[in-house]
Amino acid sequence: MHARLHPFIGLDHLLAMMAVGLWAARQGNPGTRFLPALFPVVMTIGAGLALSGNSLPMVEPLITASVIVLGVLALAGVRLPLILSGA
């Protein structure tokens, strides 16, 4: 049960969601709406892959790295094209 709840209550995932929201707010329209909406879609795809038995290597370290990268992007005020931001 913990593994199924981890994406919603894990500190690394919560920090990633907060970093996405902060960066999206600094992007302006349309990123303000698109990026926070895209994040749970991608999380759901990842959860579906995990529940179907597919494992992705180094998932947790990559989530931690994404928190750091998104935090730096938000703090530095970096604005990227929307397609790159979503990636």
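Q: Why is Gln27 called buried?
A: A residue is called buried under 20% relative accessible area, exposed over 50%, and partly exposed in between, with a 1.4 Å probe and protein chains only. Gln27 has 7% relative accessibility, so it counts as buried. This model is predicted: local features need pLDDT of at least 70, side-chain atom pairs count only at pLDDT 80 or more, and totals for chains, interfaces and linings use all residues. Residues are numbered from 1 along each chain as its sequence is written, and side-chain values use heavy atoms, with hydrogens and water left out.

Q: What makes the pair of Gln27 and Val78 a polar contact?
A: A polar contact is a pair of N or O atoms within 3.5 Å; within protein, one must be able to donate a hydrogen and the other to accept it, and residues adjacent in sequence count only if both atoms are side-chain atoms. A polar atom of the Gln27 side chain lies 2.7 Å from the backbone oxygen of Val78.

Q: Which residues does Gln27 touch, not counting residues up to four places away in sequence?
A: Contact means heavy atoms within 4.5 Å. Gln27 touches Leu35, Val78, Arg79, Leu80 and Ser85, with residues up to four places away in sequence not counted.

Q: Why is Val69 called partly exposed?
A: Val69 has 48% relative accessibility, and therefore counts as partly exposed. Val69 is placed in helix H4.

Q: How do you know how many helices and strands the protein chain has?
A: Helices (H or I, at least four residues) and strands (E, at least two) are DSSP runs, numbered from the N terminus. The protein chain has 5 helices and 0 strands.

Q: Why is the protein chain called as compact as a globular protein of its length?
A: The radius of gyration is taken over C-alpha atoms, and the globule rule is 2.2 Å times the number of residues to the power 0.38. For 87 residues the rule gives 12 Å, and the radius of gyration of the protein chain is 13 Å, close to that value, so the chain is as compact as a globular protein of that length.

Q: What makes a set of residues a nonpolar core, and which residues form the largest one here?
A: A nonpolar core is a set of buried Ala, Val, Leu, Ile, Met, Phe, Trp, Tyr and Cys residues joined through side-chain atoms within 4.5 Å. The largest one has 12 residues, including Ala16, Trp23, Phe39 and Leu70. Helices H2 (11-27), H3 (31-51) and H4 (59-76) each give two or more residues to this core, and H2 gives the most, with 5 residues.
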